[in-house]
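Hi everyone, thanks for coming along. I'd like to walk you through one model this morning, so let's get it up on the screen.

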Amino acid sequence: MDLQQVIDQYHAALDEFSRGDPAPVKRIYSHRDDVALANPFGPPSLGWNKASEALDFASSRFRDGSMKRFQTLAKYESGEIAIVLEIEHWEAKVSGRQEIRPFDLRVTSIFRREDGIWKLLHRHADPLTTFHPDGPLRGSAG
């Protein structure tokens, strides 16, 4: 399966995740000890066991959701590693809320080939999707 097919599966898995089911995302994730997950629900999780627990917790916060669309900003593929930067557009009931609300996440996903199969190695998602209108801080070094 090529990278784009795996990304398409990943997107479909996130749609299931938005309704509280982490299993499809977990199947795409690497189960090795060097995986990482950083999401808005807590500190980064390192290693498959911690990442799996964090995926369970995060998915338990979503109900009645759907993935509206994915905006791919950049995609890099080089041999055994691929990096995808996207804006994910979600709708869901989050953390016990009664209404479905839209929200966007800025996400970096890193995939690695494991035994010839692309697996998700790292996911970093945060709600910051817009930039400060003045750009970088003025007068900062470097």
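**A walk through the model**

Let me start at one residue: Asp 21 touches Glu 16 and Ser 59, leaving aside residues up to four places away in sequence, where a contact means heavy atoms within 4.5 Å. Before going further, a word on what we are looking at: this is a predicted model, in which local features need pLDDT of at least 70, side-chain atom pairs count only at pLDDT 80 or more, and totals for chains, interfaces and linings use all residues. Residues are numbered from 1 along each chain as its sequence is written, and side-chain values use heavy atoms, with hydrogens and water left out.

Back to Asp 21, which sits in the loop between helix 1 and helix 2. Helices here are DSSP runs of H or I with at least four residues, strands are runs of E with at least two, and both are numbered from the N terminus. With a relative accessible area of 31%, Asp 21 is partly exposed; buried means under 20%, exposed over 50%, and partly exposed in between, using a 1.4 Å probe and protein chains only. Its side chain reaches the backbone nitrogen of Ala 23 at 3.0 Å. The C-alpha atoms of Asp 21 and Asp 56 are separated by 8.1 Å, although these residues are 35 apart along the chain.

Now let's step back to the whole chain. There are three helices and six strands, and from the N terminus on they run α-α-β-β-α-β-β-β-β. The C-alpha trace spans about 45 × 45 × 25 Å along its principal axes. A compact globule of 142 residues would have a radius of gyration near 14 Å, and the 16 Å of this chain agrees with that; the radius is taken over C-alpha atoms, and the globule rule is 2.2 Å times the number of residues to the power 0.38. Of the 142 residues, 40% count as buried. Among contacts with a separation of 6 or more, 50% come from residues 24 or more positions apart.

Next, helix 1, residues 3–17. Its 15 residues reach 21 Å from first C-alpha to last, close to the 21 Å expected at 1.5 Å a residue; that expected span is 1.5 Å times one less than the number of residues. At its start, a side-chain oxygen of Asp 2 comes to within 3.3 Å of the backbone nitrogen of Gln 4. The buried residues of helix 1 include Leu 3, Val 6, Tyr 10, Leu 14 and Phe 17. What do the buried residues of helix 1 pack against? They pack against helix 2 (23–28), helix 3 (48–60), strand 3, strand 4, strand 5 and strand 6.

Phe 17 brings us to the aromatic rings. Searching the whole structure turns up nine aromatic pairs. Rings of Phe, Tyr and Trp (its six-membered ring) pair if their centres lie within 6.5 Å; planes under 30 degrees apart count as stacked, over 60 as edge-to-face and the rest as tilted. Phe 17 and Phe 62 have ring centres 5.9 Å apart and planes at 55°, so that pair is tilted. Phe 17 lies in helix 1 and Phe 62 in strand 3, so the pair ties together parts that are 45 residues apart in sequence. Phe 17 and Trp 90 form an edge-to-face pair, 6.5 Å centre to centre with 80° between the planes. This pair links Phe 17 in helix 1 with Trp 90 in strand 4, 73 residues apart. Both Phe 17 and Trp 90 are buried. Ring pairs join Phe 17, Phe 41, Phe 57, Phe 62, Trp 90 and Phe 103 into a cluster.

Trp 90 is also one of the residues that Ser 66 touches, as are Asp 15 and His 89. Ser 66 lies in strand 3 (residues 62–78) and is buried, with a relative accessible area of 17%.

Finally, the strands. Strand 4 (residues 81–94) and strand 5 (residues 101–114) run antiparallel, joined by twelve bridges; strands pair if DSSP finds at least two bridges between them. Their hairpin has six residues between the strands, and Ser 95 there takes a positive phi near 55°. Strand 5 also pairs with strand 6 (residues 117–126), antiparallel over nine bridges. In that hairpin, with two residues between the strands, Asp 115 takes a positive phi near 55°.

Note on methods
Polar contact = N/O pair within 3.5 Å; in protein donor to acceptor, adjacent residues only side chain to side chain.
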